[in-house]
Every structure is written in C-alpha cells, then in structure tokens.
Number of protein chains: 2
Amino acid sequence: MPDTGDTRYDRTVFYLSDGTGITAETFGHSLLSQFEDLRLRTVRLPFIDSTEKAHEAVERIERQGRVDRHRPIVFSTLVDSAINDVVRQANCRFLDLFATFVEPLEVEFGVRSSHRMGRSHAAADSEAYRNRIAAINFSLAHDDGQQHSELHQADVILVGVSRCGKTPTSLYLAMQHGIKAANYPLIPEDFDRGRLPDELYRHKAKLFGLSIAPERLAEVRQERRPGSRYAALDNCRYEVAEAESMMRREGIHWLSTTTKSIEEIATTVLQQLAER
Amino acid sequence: MPDTGDTRYDRTVFYLSDGTGITAETFGHSLLSQFEDLRLRTVRLPFIDSTEKAHEAVERIERQGRVDRHRPIVFSTLVDSAINDVVRQANCRFLDLFATFVEPLEVEFGVRSSHRMGRSHAAADSEAYRNRIAAINFSLAHDDGQQHSELHQADVILVGVSRCGKTPTSLYLAMQHGIKAANYPLIPEDFDRGRLPDELYRHKAKLFGLSIAPERLAEVRQERRPGSRYAALDNCRYEVAEAESMMRREGIHWLSTTTKSIEEIATTVLQQLAER
C-alpha cells in the first residue's frame with residue numbers, strides 16, 4: 001500500500017470500513033476490473049470505528065489527492081452515520097455502498113436496519129464461524145488421502161491426479177463455506193489396478209473429480225520436480241487419460257481446472273452439492 | 001439451497017452473476033446482516049452468461065416468489081445489458097450492484113468501462129493468481145514449523161502457542177492475498193530455554209505474534225485432546241503467560257485472537273506488513 005507520489009498510478013482508490021474492509025475491497029475490485037486501462041492504486045483503511053479515526057482517514061485521503069493531482073475514489077461500507085458524515089466531507093468521489101442499498105431494503109422489508117458496526121462477518125464465537133474452523137482442520141487432516149477413518153464426515157471428496165488443484169479447492173471450500181472437503185489422489189497404482197482406491201467405494205456418492213490439460217499439468221509438476229518422470233509430458237498425458245476414463249467408468253462428475261480459478265471450481269462443486 | 005415452501009424463511013434473496021457470484025454474495029451478506037430479525041433464505045445463481053440462462057433464472061425467481069408469497073430480492077452483478085434486461089423483468093426487487101456504481105465511475109474517470117463478463121476474479125492464468133497458488137503451497141509446507149530452509153522467502157511468520165489460530169490465518173493470508181505466511185509454534189521447550197526457536201532469530205523482522213485467552217485455548221484444546229495435560233487450564237495459563245512475556249521481551253508485535261475472526265486477524269497482520 002504505497003502512499004507516495006508514484007507516477008505509475010493514475011488514481012487512488014480507498015476502501016473504508018468499520019470492520020475489515022474486505023466486503024468493500026471485494027466489491028470495489030470487481031467494479032474496477034471493468035476499467036482495465038487505468039492504473040489504480042488501492043488502499044484499504046479498516047477498523048474506522050470512531051470519528052477520530054474518520055478524521056485521520058480524511059487527512060490521508062486528501063493528502064493522496066494532492067499527490068495524485070486527482071481526487072481519490074472512496075468506497076465506503078461505514079455503517080455509523082456520524083462517522084460516515086465526517087468522511088463524506090473529504091475532497092473525493094464518495095461511493096456509499098452501505099446506504100445506497102440499505103435504504104431500498106428497509107422499504108422492501110418494511111423494517112429498519114440495525115445500523116450496527118462490524119457485522120458483516122460471522123462473529124468469532126458464532127456457530128457458523130466454528131464450523132468454518134472445524135472444516136479447515138478437517139480438510140487439512142484429509143488432504144491428499146492422508147486419513148480415511150473420518151471420511152464419512154466429509155461433505156465432498158475431491159479426486160484427481162496429483163497437482164490438478166484438489167488441495168487449494170478443498171481449503172477454499174472449507175475456509176469460505178465451512179464445507180468439510182477431503183481430497184484423494186488418483187495415482188499410477190490405481191490405474192494399474194483399474195479401480196478407485198478401496199476406501200473411496202464406500203463414499204462414492206461424495207466423490208467429485210478434477211482434471212486438467214496434460215500440458216498444464218506438466219508445467220505445474222515441472223516447477224515442483226524439474227526433469228522428473230512425474231513431470232514428463234507423456235506421463236502427464238497417461239495419468240490424465242487414465243484418470244478421466246476411470247471417472248467416466250465410475251460415473252463420477254468432474255470438471256477441468258485448466259483455465260479455472262479456485263473460486264470457479266468451488267462454485268461448480270457447490271452447485272453439484274446443492275443438486276444432490 | 002432449498003427451493004421449497006419452507007416456512008422457517010420470511011423471504012428469499014438471490015445472488016445473480018455471470019461469474020461465480022461471490023462478489024454479489026459477499027456484499028449482499030454484509031448488507032443483510034443489518035436485518036438480523038428477518039429469516040432470509042439465500043440462493044446463489046452463478047454463471048448466468050446467456051439470455052437462455054437468464055430466462056431460467058427468472059422462472060426460478062418467480063416460482064420462489066409464489067411459494068414465499070413475497071417477491072424475492074435479487075442482487076445482480078450481471079455486466080451484459082441484454083442478460084440484465086431479461087432478469088430485470090422478473091417479479092422481484094432488483095438491486096443492480098454493477099450499474100449503480102459503474103456509471104458514476106465512468107463519469108469520474110472520463111472513460112467507458114469494458115462491460116466484459118466474469119472479470120471480477122483474476123483469471124487462472126494471471127500472475128496474481130499463480131502467486132496465490134504458490135503462497136498456498138508455501139503456507140502448507142511451512143505450517144507448524146515443519147520446514148525452515150525457505151523461511152527467508154516468507155512475507156510473514158506467525159508465532160504463538162499451539163491452537164491459537166496460526167494455521168487458518170496463514171492459509172487465509174495466502175489464499176486471499178497471495179501472502180507467503182509461514183507459522184511456527186512456541187512450545188514448552190522454548191519457554192524452558194527462555195528463547196525463541198533459533199531459526200526465528202534470523203527472520204525476526206518478519207515475526208508477528210498471536211495470543212489467546214487461556215480459557216478459550218483450553219476449550220479448543222479439549223476438543224482436540226480431551227482430558228490431556230496439553231488441554232488443562234493451568235497448563236494453558238502457563239503457556240500463554242510465557243509466550244506473551246517472550247513476545248514482549250523480544251519486541252514482537254502481537255494481538256489476541258480470542259474474539260477475532262480469521263478475517264480480522266489477517267487484516268491486522270496486513271496493516272502491520274504495510275507499515276514496515
């Protein structure tokens with residue numbers, strides 16, 4: 001988060017929040033991705049929960065505006081109106097993410113909103129939050145087929161060849177959605193036997209497959225074990241072909257991760273879970 | 001995602017997107033947390049990238065409205081105006097997250113936005129995305145002091161007693177921010193010697209401490225190893241007191257995780273990194 005007169009940037013965007021500012025940043029980032037030709041510096045100012053901190057934020061924003069010679073853009077999810085009123089006075093383009101939509105929702109629901117600060121994430125002592133932490137621990141313990149004894153507790157078991165994206169997807173599902181996601185590699189021994197690992201037959205309804213283009217797989221494996229048989233393109237072609245034909249034979253739904261982000265893979269897995 | 005006449009819910013909220021819908025859901029969830037007395041069912045409809053899928057979404061929304069006997073709320077981040085125009089016709093309260101803010105930004109920047117779909121997350125082949133995956137692999141390999149050889153590559157090294165929140169925070173920093181976050185436990189042997197583990201002195205500027213209330217720590221450890229010395233309250237009190245005095249002595253910044261979510265802890269760590 002540089003706060004200097006760096007000329008590589010055209011404008012500065014601030015994300016202001018009484019909480020972490022993650023919601024403002026996620027949303028702002030999505031909008032700003034529509035302006036790909038602009039060089040935008042982004043600065044998150046979290047935990048603005050007093051008018052004193054609001055005044056400091058105003059100073060910071062205006063200082064940056066003088067450096068940039070353009071007024072900054074400010075995305076705010078500030079809930080408290082006294083704090084918001086301070087920031088609104090800054091010389092900036094102020095976009096109020098909160099009020100813009102809370103007001104129509106109040107009309108639609110016919111009730112007033114609570115206007116309480118820092119409510120956007122589950123409190124650390126809520127059940128939903130504890131479930132997320134439990135899911136992270138579960139996914140770590142059940143990464144890469146390490147453990148079978150508790151597979152019956154899994155919400156989903158991702159299968160696929162080594163390095164096709166199972167681990168990051170499992171962790172994302174656990175962390176963001178509290179999904180207990182185990183993962184299990186399909187390895188050459190399984191292809192020789194022509195069968196899934198025995199443990200998996202018991203939980204077949206929970207399996208979801210990931211695959212990947214052999215060329216991309218070879219690249220990823222080269223980074224990990226350069227020059228190895230494991231990373232050789234012909235070996236990657238063999239493993240991927242075998243894994244895909246096994247998944248087809250066993251009737252396992254699967255998708256290719258080659259050009260997909262973790263978020264896209266996880267969203268497809270969640271859709272599949274919802275349909276079950 | 002139940003799609004039934006479940007009477008536990010007052011209203012249904014749909015998140016519509018041409019991509020994963022994660023931005024819409026994060027934002028909508030934050031707004032709706034202000035209406036805590038309402039029982040809201042939420043349904044994410046991702047990958048709405050054709051007018052055909054838009055028509056299906058309209059049917060789904062209107063069917064739900066008839067079941068609920070209240071029109072649904074629809075948060076949309078749809079970028080394509082032809083697709084958006086279809087959904088807008090549904091009998092619902094339509095909140096257009098995209099157009100509401102893209103238009104003022106176009107005026108402010110003096111340029112037109114690209115109106116391209118599915119741009120909100122880094123493409124799976126971008127450098128930022130590869131950095132995130134590399135950071136996840138790094139954080140997994142450097143979890144719980146497993147590996148020292150590459151600690152010089154770490155952006156931050158979290159330290160603290162076992163089960164104070166180091167692992168989920170490291171993974172969150174890696175996954176969401178591409179931060180290479182290692183973590184290293186402070187254990188009774190360190191307290192006996194009265195020194196940090198030797199490996200850490202070399203990287204002292206990268207250390208950030210986590211602590212936790214002993215009562216909460218005992219609860220968390222009881223779940224893991226019920227009835228053990230490890231989980232006993234007096235042992236937790238001892239370890240936490242020793243760890244905190246060690247961090248104070250060594251001048252390590254630290255925070256208490258007791259009532260904080262991963263997102264809040266990670267935000268504070270990021271602020272600290274930005275100040276360095």
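## A tour of chains A and B

Taken over C-alpha atoms, the centres of domain 1 and domain 2 of chain A lie 39 Å apart, and since this is a predicted model, every stop below describes computed coordinates. To see the two parts, colour residues 11–109 of chain A as domain 1 and residues 127–275 as domain 2.

Within chain A, select next helix α5 (residues 127–141) and helix α6 (residues 166–177), whose axes come within 7 Å and cross at roughly 165 degrees. An angle over 145 degrees counts as roughly antiparallel, so α5(A) is roughly antiparallel to α6(A). Show the side chains at this contact: α5(A) contributes A:Arg132, A:Ala135, A:Ile136, A:Ser139 and A:Leu140, while α6(A) contributes A:Ser170, A:Leu171, A:Ala174 and A:Met175. Sorted by class, these are 6 nonpolar, 2 polar and 1 charged residues. The crossing of α5(A) past α6(A) is right-handed.

Now move to chain B and display its open sheet of 4 strands, which pair in parallel in the order β2-β1-β3-β4. β2 (40–45) and β4 (93–96) of chain B each have a single partner strand and stand at the edges, so one side of each is left without a neighbour in the sheet. On average, neighbouring strands of this sheet are turned by 20 degrees against each other, direction ignored.

Zoom in on β3 (residues 73–76) of chain B, which is joined to the parallel strand β4(B) by 4 bridges, and pick B:Val74, whose bridge partner in β4(B) is B:Phe94.

Finally, bring back helix α4 (residues 97–109) of chain A, which lies across β1 (11–16), β2, β3 and β4 of chain B and runs at about 175 degrees to β4(B).

How values were computed: Residues are numbered from 1 along each chain as its sequence is written. Chains are lettered from A and ligands numbered from 1 in the order in which they are written. This is a predicted model: local features need pLDDT of at least 70, side-chain atom pairs count only at pLDDT 80 or more; totals for chains, interfaces and linings use all residues. Side-chain values use heavy atoms; hydrogens and water are left out. Two strands pair if DSSP finds at least two bridges between them. Helices (H or I, at least four residues) and strands (E, at least two) are DSSP runs, numbered from the N terminus. Axes are lines fitted to C-alpha atoms, for helices over the stretch in contact, and angles run from 0 to 180 degrees between N-to-C directions. Contact means heavy atoms within 4.5 Å. Domain bounds come from an automatic or database domain assignment. Angles under 35 degrees count as roughly parallel, over 145 as roughly antiparallel, 65 to 115 as roughly perpendicular and the rest as oblique. A crossing is left-handed if the near helix is turned anticlockwise from the far one by less than a right angle, and right-handed if clockwise. Ala, Val, Leu, Ile, Met, Phe, Trp, Tyr, Cys and Pro count as nonpolar, Asp, Glu, Lys and Arg as charged, and the others, Gly among them, as polar.
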